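Open the model in your viewer and keep the selection tool at hand. Each stop says what to select and what is there.

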Amino acid sequence: MAMIKKTVEKAIVHQIKNEEHSTRLYLAMASWCQVKGYPGAAAFLYKQTDEERMHMLKFVHYLNDRGGHSLLLALDDPTAEYKSLTDLFEKVLKHEEFITAEINKLYEVALNEKDYTTGSFLQWFITEQIEEESTVHGILDKMKLAGKDSGGLFLIDKELSALAAAKGAATAAPAGE
Ligand code: FEO
């Protein structure tokens, strides 16, 4: 297999940064939820930080395996203040939409360089982004239905706790990446 081109390498290093930022952003959000009394949402986001770290590592290993060098870049502080739980999840959705756009850009760089190996590696992330966006859309729809009703939010928080437990089961499975 040919050594990875510099342009693709640079784009992957940038995506490693994006995924590492995602782990810190969701960790800051999980901490906010825990402090504000949303244990289910906190559990969900703590699982999410682990998933983002797994995404980051996938890129790190892939680039090094292809003869590149996975470098870590400086990161901005993650935002840590939210108006409400709904506000926080709206920011999760915005962030995932940004990541989807970044993955698409990376895919374009790979195809422009005729690096079909990287293109096929990125397929997993393209599918993962569809799933992540759809999960967060689902959560937000329920939150909007509940409105400011604290009983409704309490139930949603419980559901998020179940969702976090299901994620745990999925990541524990041998093929569950
Ligand atoms: Fe690594 Fe949530 O995308």
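**Whole chain**

Keep in mind that this is a predicted model. Five helices and zero strands make up its secondary structure. Read from the N terminus, the order of elements is α-α-α-α-α.

Next, orient the view along the principal axes. The C-alpha atoms fill a box of roughly 60 × 35 × 25 Å. How does the radius of gyration of the protein chain agree with that of a compact globule? A compact globule of 177 residues would have a value near 16 Å, and the protein chain has 17 Å, so the two agree.

Colour by accessibility. Of the 177 residues, 46% are buried. Then turn to contacts between residues at least 6 apart in sequence: 81% of them join residues at least 24 apart.

**Helix α1 and the glycine after it**

Select residues 6–35, which form helix α1. Now step past the end of α1 to Gly 37. Its phi is positive, near 85°.

**Helix α2 and the glycine after it**

Move on to residues 39–65, helix α2. This helix has 27 residues, so at 1.5 Å a residue it should span 39 Å; the end C-alpha atoms are 39 Å apart, in agreement. Just after α2 comes Gly 67, with a positive phi of about 90°.

Select residues 85–112 for α3. Its 28 residues should span 40 Å at 1.5 Å a residue, and its end C-alpha atoms are 41 Å apart, which agrees.

How are two packed helices described? By the angle between their axes and the distance between the axes. Here the axes of α1 and α3 come within 10 Å and cross at roughly 170°. Angles over 145 degrees count as roughly antiparallel, and α1 and α3 are therefore roughly antiparallel to each other. Their contact holds 17 nonpolar, seven polar and four charged residues.

**Lys 114, in a loop**

Go to the loop between α3 and α4 (116–146) and pick Lys 114. Is Lys 114 buried or exposed? Its relative accessible area is 60%, so Lys 114 is exposed.

**Glu 133, in α4**

Follow the chain into helix α4 and select Glu 133. Its relative accessibility is 18%, so it counts as buried; the cut-off for buried is under 20%. Setting aside residues up to four places away in sequence, Glu 133 touches Leu 93, Glu 96, Glu 97 and Thr 100. The C-alpha atoms of Glu 133 and Val 92 are separated by 9.0 Å, with the two residues 41 residues apart along the chain.

**Lys 167, in α5**

The last stop is helix α5, residues 150–172, where Lys 167 is found. With 17% relative accessibility, Lys 167 counts as buried. Which residues is Lys 167 in contact with, leaving aside neighbours within four places in sequence? Show Phe 44, Lys 47, Gln 48 and Glu 51: these are its contacts.

Note on methods
Residues numbered from 1 in each chain as written. Predicted model: local features only at pLDDT ≥ 70, side-chain atom pairs only at ≥ 80, totals over all residues. Heavy atoms only, no water. Helix = DSSP H or I, 4+ residues; strand = E, 2+ residues; numbered from the N terminus. Expected span 1.5 Å × (residues − 1). Buried < 20%, exposed > 50% of the residue type's maximum accessible area, 1.4 Å probe, protein only. Axes fitted to C-alpha atoms, helices over the stretch in contact; angles between N-to-C directions. Parallel < 35°, antiparallel > 145°, perpendicular 65-115°, else oblique. Nonpolar A, V, L, I, M, F, W, Y, C, P; charged D, E, K, R; others polar. Rg over C-alpha atoms; globule rule 2.2 N^0.38 Å. Contact = heavy atoms within 4.5 Å.
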